Amino acid sequence: MEQEKNPVVLRIEDQQSLIHLGSLDSFDITEGGTDAAKAILNYFETGKKKQLEKAISIYEEIIPNENFGGEYTALEWMCRFFLAPEEAKADLLAQPFTKAFYDMLAQDDFDNLKTYLLYKYHIKEYGPGDNVEIKAKMRFLEDFILFNNPDRERWETTRENLEKFQLKEGMSIADVGSGPGYYSFKFSDIVGDSGKVYAIETNPRHLEFLRNYIDDNKINNVEVVESSFEGIGLSSDVRVDVVYVCSLFHNVYAAFTDGEREEFIGSIRTALGEKGQLIVVDNDLVTGQELPYHGPYISKQLIISQLYYYGFKLKDAFQFTPQRYAMIFDMVDIPEKAPEKPQLADNEVFVDSKVSLARYRIIGTSTSGYTVRGKKAGRILYEGLLEKDEAKLKKAYEAFEDLWPKERIGDDYTAFLWFIKYYLADEAEKKNMTQDKLVEMYADFFCSNDFERFKTYLKYKFHMEKPDPVDASNEASFDYDGKDFSINQLNEWNEYLIFNNPNRNAWEQTNEMCKFFDIKEGERIADIGCGSGFFTWYFSQKVGPKGKVFATELNKNAIKYVDELIEKYKIKNIKTIVTKMNKSGLDNNSVDTIFMCSMYHAAYITDIEFVKDSFIDTLHKALRPGGRIIIVDNNVTSPGVPSYYGPGISPDLLIQQLKYYGFNLVDRFEMIPQRFALILEEDPNYAGPISGGKDEYGRDKNNSKKPSGDKKRGRRKSEDPMQHEGQEPDMFYDRKKK
């Protein structure tokens, strides 16, 4: 492996993202998978075994040509079990782990299996509200069916991996993120009575399954450990020979906060005994002829480079399928500083610290969360508004003025300063503060009826009915449960409040950044992922009546604010477009400039490759000759520098990827550490992605082994993952972050 020689240099050889998180949702729901699910459900309704045979025939057609590593092999196993002779069924259920898998899905007349099939394939949609309970159940069932699949060996080559790990009797192993215990109980058999396995998990449903399985089967060498994001969960005096992290590090890398990752990897070092080893198994990005893994993946390069700075040296790496790899690390001394930066090739990136080059979501929060310090200041603000207490409002102003440069850069703190100033202003000052049409509409929304919406926002954003934590870390983040006020509504208000913040320039240096854009009168510009229209309105004023602004957005709830602006003020040069993830929504040869603010990180991190390919292709087609792309996004910051409160990505990753997509960097602007802007122009010699492009199924166009998508059954069921209202994948943020 090339990176063993230089572990902190990334080599980027094509347009594929180095990491993918998020739910594929309707992009991985095909007609074949849906037809098979309906056949299984029909079997439960009618008892006709021909329905099972139909499902099996579909699975044999679509495995392995789609959804590699997904639920298909587990569901086919269930069909074959139902058709098996009674003697064969008894033999299968004589294996305790297989029996536990079957029993879980068979509970209450197969309610768990039916629920999974109904909601997974959108045969039944979520009802009104947030459906917290059913979504939690579906998250558990998804993991349980994927990970405890009795036919998992079929796609993962589990036995070969276990042999390479060289585990021995008497060892102690920490299975971190054990899920429902697939590997924990395999380790239990290997280490024997003289060894010990710690099954470490955060999900309460997985923990319940683990404990029940241990009790039912009288297993003495597995201890269940309930963990959190503050380390792996072992007590400080426990030492193990191996820490095993399977299908989890992609989240550790890109979805943990810096503090959570420090705690997590630091606790691994604490737990490992002398000569202890860290084993990481995860899903690889796949180039060439093979089908990618159905879900998240992370390039080995990102893990190796980050763990270098945490004091882990790669000892061995092996990969029995293109979709899955394993790496073994020895624990070594933590380096004092980065090595000297080498001479880099055009397609290389130097990693100079342990900071992740891409991050997407704060684990554990269904809303934007808050810190203890933020909540305490927020409570003073809330009480000041309720009590009409100017002293408290001024105290809150001082608190947020002190806080905003130190934590959650770009969050609502600077907006709070504007609201306090507006509340305390006299009528003349209020009128002056709302001369801008966008600000006037913003003030009407939040401040009318004695600041009713703003007070409601504060109440639920900071969960005011819950006491302020006393012992929690100042950097802790908390979650509102959504029982009294819709989380969807709270998030919508949060985004509008933040992105159209009249005081946005305070943290972003927006005015200076906009000069860098150099927008000309008469330009035709597309604001892709326009959100609630902050930049759309700016562009509308700059291009004038001879220009045109196309405001495109996936989310109808966000773009409604732009529509209201257009209608209220009779604006003629803005056109709104509701679009899809794989399409820009723009006509060919229609714009001079394409603008994307706080959006492209989501395309990089969460879009399936063929979706991203299609999206970029529509950008090429939309640009006029000599056109350009402007990307503004959230930077990752060096250790000790406050980061943007939400998602972020290294500009170097975007520059490298977009080069392979036929866009070359012309200029870049970085006025603050948390924010960057790039200007790119089309390469006149660009002839498509380096792999030759993807077909509609995400495969290389020159691939001789076509997926079953050539037939009706394999075709993608939907190209619009937003069509299923109420579906909120765990790791999926809309690409509207402005």
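Phe445 and Trp493 are both buried, meaning under 20% relative accessible area, with exposed over 50% and partly exposed in between (1.4 Å probe, protein chains only). The model is predicted: local features need pLDDT of at least 70, side-chain atom pairs count only at pLDDT 80 or more, and totals for chains, interfaces and linings use all residues. Residues are numbered from 1 along each chain as its sequence is written, and side-chain values use heavy atoms, leaving out hydrogens and water.

**Aromatic pairs**
- Across the whole structure, a search finds 63 aromatic pairs.
- Rings of Phe, Tyr and Trp (its six-membered ring) pair if their centres lie within 6.5 Å; planes under 30 degrees apart count as stacked, over 60 as edge-to-face and the rest as tilted.
- Phe445 and Trp493 are edge-to-face, because their ring centres are 6.1 Å apart and their planes stand at 90 degrees.
- Phe445 lies in helix α19 (residues 437–461) and Trp493 in helix α20 (residues 487–499), so this pair ties together parts 48 residues apart in sequence.
- Helices are DSSP runs (H or I, at least four residues), numbered from the N terminus.
- Phe446 and Tyr496 are stacked, at 5.6 Å centre to centre with 25 degrees between the planes.
- Phe446 is in helix α19 and Tyr496 in helix α20, 50 residues apart.
- Both Phe446 and Tyr496 are buried.

**Asp411**
- Asp411 lies in the loop between α16 (390–403) and α17 (413–424).
- Asp411 is buried, with a relative accessible area of 2%.
- Leaving aside neighbours within four places in sequence, Asp411 is in contact (heavy atoms within 4.5 Å) with Lys461, Asn494, Ile498 and Tyr645.

Note on methods
Helices (H or I, at least four residues) and strands (E, at least two) are DSSP runs, numbered from the N terminus.
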